[in-house]
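Biologist: Can you take me through the ligand site in this one, and then one of the loops? Start with the terms you use.

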Amino acid sequence: MSNMNSNSSFVGTDEVRARFSHAMSAMYRQEVPQYGTLVDLVADINSHALSAEPALRAQLARAGELERLDVERHGAIRVGTAAELETLRRLFAVMGMEPVGYYDLSVAGVPVHSTAFRPVGDAALLANPFRVFTSLLRLELIADPALRQKAADILARRCIFTPRALELIAQCETAGGLSAADADAFVREALETFRWHSTATVDAGTYRALQASHRLVADVVCFRGPHINHLTPRTLDIDAAQAAMPARGMDAKDVVEGPPRRNCPILLRQTSFKALQETVRFTDDEGAHTARFGEIEQRGVALTRKGRALYDALLTEVRDMGHAGSAAPDYAQRLQQVFRAFPDAHDALRAQGLAFYRYSLSACGRAQAAADHADAGLEQLLARGWVQADPITYEDFLPVSAAGIFQSNLGGEEQKQYQAHAAQQSFEAALGARVHDEIALYEAAQQRSIDQLRAELRRAAVVEAA
Ligand code: OOG
Ligand code: NI
């Protein structure tokens, strides 16, 4: 349990995160009933997949992921200012969530850059892997200087946090944790930031002008807070879920983003249902806004830098074959074909250094516990079946997929062109912290498992010799 502090009167950060994730899910179920339908569908698909595929079930059980599966969610929000982003970082820290990864979405025609707040430790991820994809609007990408200034002025006037939430964040930072009652209050107050508001803070004309600059600008600037725009459960069979969506009344996106269907899933595959048109009251008129939608995802093994480079190269190849990107009619076919170049067996992925694994002593290795394997090589131990390698789940996001999700849910076909302009340093300055390098985190997790295995083998050797 990752407590901020060992003081036992504090609620652990894993527990605060679990309560918050649960509260968020309950709120979104009320706000967007189709999300509830999607959660129910995913539960059905998952229980079917677990009984139909005993090997998958065994793998998830070994990884300790069976328990987290039902509660696993990611959400997404978009904020307008550096100060909002920085306070969000402090708010998520109360729940043991840290910024991981930098995503430049300007390349994909979306004027934001982003990070994902999530737990980073092995135990914390197993307890509850709740993640929030968080984007910061890049006002500098609004071409018209007058409109840019107007947006900045509107944003400067709002406070997206309740006074009590701010107090509790500060209290947690000073004391090193929150009591049970304060943790409950924190969850309640923090949730307010993510709530949907059907009244906008601007008049209809201002909304339209911002909307014309980019639909996302209007979504961020015109409301009192960064409403959660989707909450995503994890499915074990995204193709089955996608196929079952229409029968449950959901308007599914045409293609699944990410890698193709494989025997050994890699990274992340995602699909969504289209955003809802919602009635909004402006200060002078009534109108409609599309922002909130539903999404599901299937997670696979995390890739090394080499594996990721291969994934990126193959995806680029597929997308360069046609102009319509993932909207092209033969996209799924092309994807399958090009990805034949990506090995699809865990032994090959491991041997070629393409993916990350957690190593542990197998039941048979434990039973043998012979002194002589203390200095055997990892490959040798694997070959003898004394050590097993389990895939490390990818816990992050994919910028090209994210861009596809953004695009399909802004309620328009527009495709703005921005200069590719990654600005990780300015993002981190706004955030008030560095973001973790996600690949370094997987590398460290793999190494921890190897160190632990070595220690176990040494202990076995000592017992044997005694
Ligand atoms: C975030 C889109 C990115 C994902 O799963 O890739 C995302 C947004 O629309 O704000 O959630
Ligand atoms: Ni998402």
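Modeller: A polar contact is a pair of N or O atoms within 3.5 Å; within protein, one must be able to donate a hydrogen and the other to accept it, and residues adjacent in sequence count only if both atoms are side-chain atoms. This is a predicted model, where local features need pLDDT of at least 70, side-chain atom pairs count only at pLDDT 80 or more, and totals for chains, interfaces and linings use all residues. Residues are numbered from 1 along each chain as its sequence is written, and side-chain values use heavy atoms, with hydrogens and water left out.

Biologist: Which side chain has an N or O atom 3.1 Å from an oxygen atom of ligand 1?

Modeller: That of Asn229. For the side chain of His74 the distance to a ligand 1 oxygen is 3.0 Å, and for His230 it is 2.9 Å.

Biologist: How much of ligand 1 does the protein bury?

Modeller: 100% of the 310 Å² that ligand 1 exposes when taken alone (Shrake-Rupley method, 1.4 Å probe).

Biologist: Which element gives the largest share of the shell around ligand 1?

Modeller: S1, with three residues. Strand S1 (73-79) and helix H18 (399-408) are the elements that give two or more. Strands are DSSP runs of E, at least two residues, and helices are runs of H or I, at least four.

Biologist: New topic. Where is His197?

Modeller: In the loop between helix H9 (180-192) and helix H10 (204-213).

Biologist: What does the His197 side chain make a polar contact with?

Modeller: The side chain of Arg224, at 3.1 Å.

Definitions and conventions. Chains are lettered from A and ligands numbered from 1 in the order in which they are written.
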